Amino acid sequence: MTTQPTILPGTELTADEARRIVLAAQGLLGAPDRRAGVPGVLRSLGAVQLDTISTLARSHELVPYARLGPVGRPAVEAAYWRGDTAFEYWSHAACVLPMSTWPDFAFRRRHYRGRGHLWGHQVTPEAYASVLDRLRAEGPLTATGLGGAKNRGEWWDWSETKVAAERALAFGDVVCVRREGWKRVYDLPERVIPAALLAEEPDDAECVRRLVALAGRQLGVATRADLMDQYRLTRAQVDAALPDSGLVPVTVAGWGERAAKEGTWADPTALAAAPRGRHRTTLLSPFDALVWDRPRTARVFGGFEHRLEAYVPAAKRVHGYFVMPLLAGGRLIGRVDPAREGRTLVARRLSFEAGPKVTERALTAMADAIREAATWVGCETIRIEHLTHETTRAPLNALLTT
């Protein structure tokens with residue numbers, strides 16, 4: 001029988017200790033669990049954010065790649081959308097979630113139903129009923145199959161059918177466990193959610209308690225704001241759930257006054273032994289759970305400023321359209337804005353945190369990460385366009401061609 005470690009309230013961690021715990025919790029320190037594969041990554045992270053942008057690859061592909069290496073892209077798709085391991089819902093954002101967490105989001109489904117609309121969109125009762133009737137009669141369908149996803153306006157100008165389908169998804173009257181050509185396939189929960197999970201309907205307090213406990217385990221060490229951001233919970237919800245979450249209060253030297261003021265908690269199992277193992281060297285999706293929270297990223301990684309600039313006007317971008325941080329040696333040491341031109345991976349903009357005084361180890365890490373990524377997406381050549389510091393071009397090109 002294994003005894004639980006005794007964790008004293010107020011345990012003080014150094015910034016390096018906290019950073020290593022965070023990396024281990026995120027599956028980026030230590031040997032990857034290849035047997036568990038992509039479903040294991042999803043279960044460990046708790047949520048994989050979805051986004052339509054595809055430069056190097058789509059974000060949901062990049063997340064398991066960062067942890068497992070060049071896993072086959074068809075295996076990634078199958079792990080998310082084969083119909084029995086995951087579902088899509090509103091979590092940190094639009095995310096793929098492990099099927100086991102279906103009951104935990106009952107509070108959010110009830111909240112949306114009580115609000116009665118979806119992001120201000122209204123829909124007639126007839127249109128809503130029509131979507132459900134069609135799915136019952138015809139089986140799973142995309143919005144196009146239901147009658148069309150868009151009106152004739154801009155891309156966000158959803159048709160009434162699409163609004164009804166998304167509203168039903170938010171309410172839990174329909175569910176998405178598959179995609180076809182990046183389109184959601186809507187289905188009835190009773191056809192795809194395991195009966196035991198579908199029958200489980202915890203109250204709001206229990207849902208939030210579970211999610212706070214999961215967030216603590218997924219983050220390793222987290223402030224109150226971090227716990228709120230992981231599943232988009234309110235301060236009141238987190239405060240009410242913390243006493244029964246199993247998380248323990250700690251302090252982290254170097255995390256600043258704000259973290260000390262609002263409080264910091266850790267997963268007790270993460271404190272039982274110092275994390276050990278190999279650090280992953282990889283490019284990270286800007287939507288990766290390790291970096292999707294900008295204030296937390298700066299706090300954990302010594303001031304590293306991460307920002308997705310895809311929605312920033314081109315003239316105002318600093319690091320590029322789809323900025324991917326470089327993780328190496330357990331630190332964020334650079335950035336790449338990648339693109340693909342045929343069989344060529346193009347680094348449109350590349351920089352190192354250390355500036356022109358970059359070390360040979362950092363140069364090697366960047367070259368290794370770019371080369372591995374290029375191979376994974378089927379690129380045969382690599383071209384670097386803009387470098388923040390031109391003095392790094394020659395040594396980097398030499399490493400990329402060896």
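Which residue of β12 is the bridge partner of A328? It is R331 that pairs with A328 in this way, and the strands concerned, β11 (residues 324–328) and β12 (residues 331–341), run antiparallel and are joined by five bridges. Helices (H or I, at least four residues) and strands (E, at least two) are DSSP runs numbered from the N terminus, and two strands are said to pair if DSSP finds at least two bridges between them.

The model is a predicted one, in which local features need pLDDT of at least 70 and side-chain atom pairs count only at pLDDT 80 or more, while totals for chains, interfaces and linings use all residues. Residues are numbered from 1 along each chain as its sequence is written, and side-chain values use heavy atoms, with hydrogens and water left out.

**The five-stranded sheet**

The strands β11 and β12 belong to an open sheet of five strands with mixed pairing, whose order is β10-β11-β12-β13-β14. Because β10 (282–283) and β14 stand at the edges with a single partner strand each, one side of each is left without a neighbour in the sheet.

| Strand pair | Sense | Bridges | Bridge partners |
|---|---|---|---|
| β11 and β12 | antiparallel | five | A328 and R331 |
| β12 and β13 | antiparallel | eight | G334 and F352 |
| β13 and β14 | parallel | six | V346 and R383 |

Strands β12 and β13 form a hairpin with two residues between them, and G342 in the turn has a positive phi of about 60°. Strand β13 (residues 344–352) is mostly covered, since seven of its nine residues are buried, where buried means under 20% relative accessible area, exposed over 50% and partly exposed in between, with a 1.4 Å probe and protein chains only. Strand β14, the parallel partner of β13, spans residues 381–387.

Helix α16 lies across β10, β11, β12, β13 and β14, and runs at about 155° to β13. For such values, axes are lines fitted to C-alpha atoms, for helices over the stretch in contact, and angles run from 0 to 180 degrees between N-to-C directions; contact means heavy atoms within 4.5 Å.

**Helix packing**

Two packed helices are described by the angle between their axes and the distance between the axes. The axes of α16 (residues 360–376) and α17 (residues 393–400) come within 9 Å and cross at roughly 50°, which makes α16 oblique to α17; angles under 35 degrees count as roughly parallel, over 145 as roughly antiparallel, 65 to 115 as roughly perpendicular and the rest as oblique. The contact is made by L363, T364, M366, A367, I370 and R371 of α16, together with P395, L396, L399 and L400 of α17. By class, these residues divide into eight nonpolar, one polar and one charged, with Ala, Val, Leu, Ile, Met, Phe, Trp, Tyr, Cys and Pro counted as nonpolar, Asp, Glu, Lys and Arg as charged, and the others, Gly among them, as polar.

A further helix pair is formed by α5 (residues 106–115) and α11 (residues 204–219), which pack at an angle of about 130° with their axes 8 Å apart, and α5 is therefore oblique to α11. On the α5 side the contact is made by A106, F107 and R110, and on the α11 side by D204, C207, V208 and L211; the classes are five nonpolar, no polar and two charged residues.

Helix α12 (residues 224–231) is largely enclosed by the rest of the structure, because seven of its eight residues are buried, namely R224, D226, L227, M228, D229, Q230 and Y231. The helix is followed by R232, whose phi is positive, near 55°.

Helix α2 (residues 37–45) also has buried residues, which are G37, V38, G40, V41, L42 and L45, and α2 is followed by G46, with a positive phi near 85°.
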